[in-house]
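Let's take a friendly walk through a protein model. Have a look at it first, and then we'll go through it piece by piece.

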Amino acid sequence: MEKNNIPVIDMQNFPGNDEKVLREALEEWGCFRLVNHSIPISLMSEFKAVVKSLFDLPIEIKQRNTTPLGWSGYGTFKEHEALTMFDVVFPQAVQEFCSQLDVSDYQRKLVIESYSKSVMALSVEIMEKLAAILGVKNYRHSFDDWQMFLKMSKYNFTPETIASDCVGLPSHVDDSFLTILDDDSAGLEILNDKTGEYVAVDPVPGRPLVIFGDFVTAWSNGRFHNVRHRVIGKVTTGRVSINSFLMGPRDGPVEAPAELVSDEHPRLYVPFNWEDYRTRQYASKDPWEGGLVHVLAHPIKS
Ligand SMILES: O=C(O)CCC(=O)C(=O)O
Ligand SMILES: [Fe+2]
């Protein structure tokens, strides 16, 4: 556990004591810090350096970054600009991103492709552990075909915006199963539901943070927690963060597997397609409010 109480999971301690820690992290926090994981630390820092260099490109080049998803690609929001690489399971998708931004073959092969593979493999490993904890067998071998996208963000805070307690990204829950956030960006805060207070998540080099989103709550039939979080202005050096979002099945809905539904635990959420869910969130009046309320199996009558 860290000084702010955020659980720390050792990926090598399975089976072992960390199964219990992982369960508690999911039931209480909706996030945890990772140690002894499979992404090489040198690759994390090389990838970060490449991402920083992409943000230094002229705006006309950054604007070439588009994806098949209407709501992603290069965009700006207040102090924040973002690039997206969609569907990292496919080398063609990585290639497409790299050609949009004139990335060299060296950087593509040795850094961007390697990082994408590595972060996807780690997400699959985490999902397998979640399935094992819940006793879910049907999903065990199919996570590696799930869709994942990478959102790279740069926050251009100034001394003035920092002094005015600037929120770089408002409080929200992720529309994802899980999000792996790279290791060294100050300013992230997560909400501790028990105390109702935000907790600062300090950067720890080599130790990414895993954040659970709405889809894990739906899939686990309410057993696992998602977590509200936000980014506040702390540094003026251009805060760059890399978010790897594991979205869900390629050809099927997000739904609680049969093992998790019973008379005692009736289905809480109707099955949904993750892309429709996200599209609705983006179109909604308040996209920062969680979207689970729209997929309740028994909507609350007003
Ligand atoms: O930049 C960060 O640290 C977090 C960003 C985030 O929460 C998001 O993009 O969903
Ligand atoms: Fe987020």
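What spacing do the donors of the iron ion (ligand 2) follow along the chain? The pattern is H-x1-D-x54-H. In this model, the iron ion (ligand 2) is held by His172 (NE2), Asp174 (OD) and His229 (NE2), at 2.1 to 2.2 Å. Donors here are N, O and S atoms within 2.8 Å of the metal (3.2 Å for Na, K and Ca), and water is not among the atoms, so sites may look incomplete. Helices (H or I, at least four residues) and strands (E, at least two) are DSSP runs, numbered from the N terminus. Asp174 and His229 are both buried, a word that means under 20% relative accessible area, with exposed meaning over 50% and partly exposed in between (1.4 Å probe, protein chains only).

A quick word on ground rules: this is a predicted model, where local features need pLDDT of at least 70 and side-chain atom pairs count only at pLDDT 80 or more, while totals for chains, interfaces and linings use all residues. Residues are numbered from 1 along each chain as its sequence is written, chains are lettered from A and ligands numbered from 1 in the order in which they are written, and side-chain values use heavy atoms, leaving out hydrogens and water.

Now for Ser171, which you'll find in strand β6. Beyond residues up to four places away in sequence, Ser171 touches Tyr198, Arg228, His229, Arg230 and Trp288, where contact means heavy atoms within 4.5 Å. The side chain of Ser171 also makes two polar contacts, listed here.

| Side chain | Partner side chain | Distance |
|---|---|---|
| Ser171 | Tyr198 | 2.6 Å |
| Ser171 | Arg228 | 3.2 Å |

A polar contact is a pair of N or O atoms within 3.5 Å; within protein, one must be able to donate a hydrogen and the other to accept it, and residues adjacent in sequence count only if both atoms are side-chain atoms.

What about the greasy parts? The largest nonpolar core has 72 residues, and Ile126, Leu130 and Trp219 have the most contacts inside it. Helix α5 (residues 105-134) gives the most to this core, with 13 residues. Another core lies apart from it, with 16 residues, including Tyr155 and Val227. A nonpolar core is a set of buried Ala, Val, Leu, Ile, Met, Phe, Trp, Tyr and Cys residues joined through side-chain atoms within 4.5 Å.

Next, Ser244 lies in strand β12 (residues 239-248). Is Ser244 buried or exposed? Ser244 counts as buried because its relative accessible area is 0%.

Most residues other than glycine have a negative phi, and most peptide bonds are trans. Yet the peptide bond from Phe14 to Pro15 is cis, with omega near -15°, and Pro15 lies in the loop between β1 (8-10) and α1 (18-29). Asp165 has a positive phi, near 55°, and is exposed, with a relative accessible area of 64%. Asn221 also has a positive phi, of about 55°, but Asn221 is buried, at 4% relative accessibility.
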